[in-house]
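Keep the coordinates open as you read.

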Amino acid sequence: MRKNSVKNTRINGEVQRVLAEIIRSGIKDPRIAPMTSVVAVEVAPDLKTCKVWISVLGDEKAQADTLAGLKSAEGYIRGQLAHTINLRNTPQLTFIMDQSIAYGVNMARRIEEVVASDREAAKTDEGNENEEDQ
């Protein structure tokens with residue numbers, strides 16, 4: 001099976017959906033933040049390994065705790081994955097922290113700040129022009 005084949009793409013999507021459900025409702029570890037999402041999944045073509053990119057809404061401590069909780073629950077998650085999806089091999093999971101959502105939120109906030117400061121600058125410029133005309 002090639003890396004970008006239709007079959008591999010479908011397997012990646014199904015594994016991502018099932019892992020998101022397991023993390024959301026199956027794990028009772030208090031270290032795992034409630035706002036944890038599975039951003040992407042990449043299953044190797046031989047189905048031996050799987051990279052799971054996760055994103056956690058929260059500070060760095062919450063992210064580190066969630067990553068530690070997921071690594072400790074890897075056996076349970078893998079077992080639930082094997083029960084849910086019938087694959088020839090159940091892949092070994094590797095959890096990777098993804099900062100893209102936090103980065104996007106931060107950039108959106110910065111853009112809003114720049115737009116707001118531009119509006120304020122435009123208002124003060126209009127006020128100065130009106131005073132000069134009088």
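Predicted model: local features only at pLDDT ≥ 70, side-chain atom pairs only at ≥ 80, totals over all residues.

Two strands pair if DSSP finds at least two bridges between them.

Q: Which residue in strand 2 does Val-43 stand opposite?
A: Strand 1 and strand 2 pair in the antiparallel sense, over seven bridges. In this pairing Val-43 has its opposite residue in strand 2, and that residue is Cys-50.

Q: Which residue in the hairpin turn has a positive phi?
A: The hairpin is formed by strand 1 and strand 2, with five residues between them. In that turn, a phi of about 65 degrees belongs to Leu-47.

Q: What is the bridge partner of Lys-51 in strand 3?
A: Strand 2 covers residues 49-56. It runs parallel to strand 3, and six bridges join the two. In strand 3, Lys-51 is partnered by Thr-94.

Q: Which strands are the edge strands of the open sheet?
A: The sheet has three strands in the order 1-2-3, with mixed pairing. An edge strand here pairs on one side only. That describes strand 1 (36-43) and strand 3.

Q: What angle does the direction of helix 1 make with that of strand 1?
A: Helix 1 (residues 6-26) packs on the sheet. It touches strand 1, strand 2 and strand 3. Its direction and that of strand 1 make an angle of about 150 degrees.

Q: Why do the buried residues of helix 3 line one face of the helix?
A: The buried residues of helix 3 (residues 74-84) are Glu-74, Ile-77 and Leu-81. They line one face because, seen down the axis of helix 3, they fall within an arc of 65 degrees.

Q: Which residues are exposed on the other side of helix 3?
A: The buried residues of helix 3 pack against helix 1, helix 2 (60-72) and strand 3. On the other side, the exposed residues are Gly-75 and His-83.

Q: Which side chain of opposite charge is nearest to Asp-98, and how many Å away?
A: Asp-98 sits in the loop between strand 3 (92-97) and helix 4 (100-133). Beyond its neighbours within four places in sequence, Asp-98 contacts Val-39, Trp-53, Ile-54 and Ser-55. Asp-98 is buried yet has no salt bridge. A salt bridge needs a nitrogen–oxygen distance within 4 Å, whereas the nearest side chain of opposite charge is Lys-51, 13 Å away.

Key:
Residues numbered from 1 in each chain as written. Heavy atoms only, no water. Helix = DSSP H or I, 4+ residues; strand = E, 2+ residues; numbered from the N terminus. Buried < 20%, exposed > 50% of the residue type's maximum accessible area, 1.4 Å probe, protein only. Lys, Arg positive; Asp, Glu negative; His and termini not counted. Contact = heavy atoms within 4.5 Å. Axes fitted to C-alpha atoms, helices over the stretch in contact; angles between N-to-C directions. Arc of directions from axis to C-beta.
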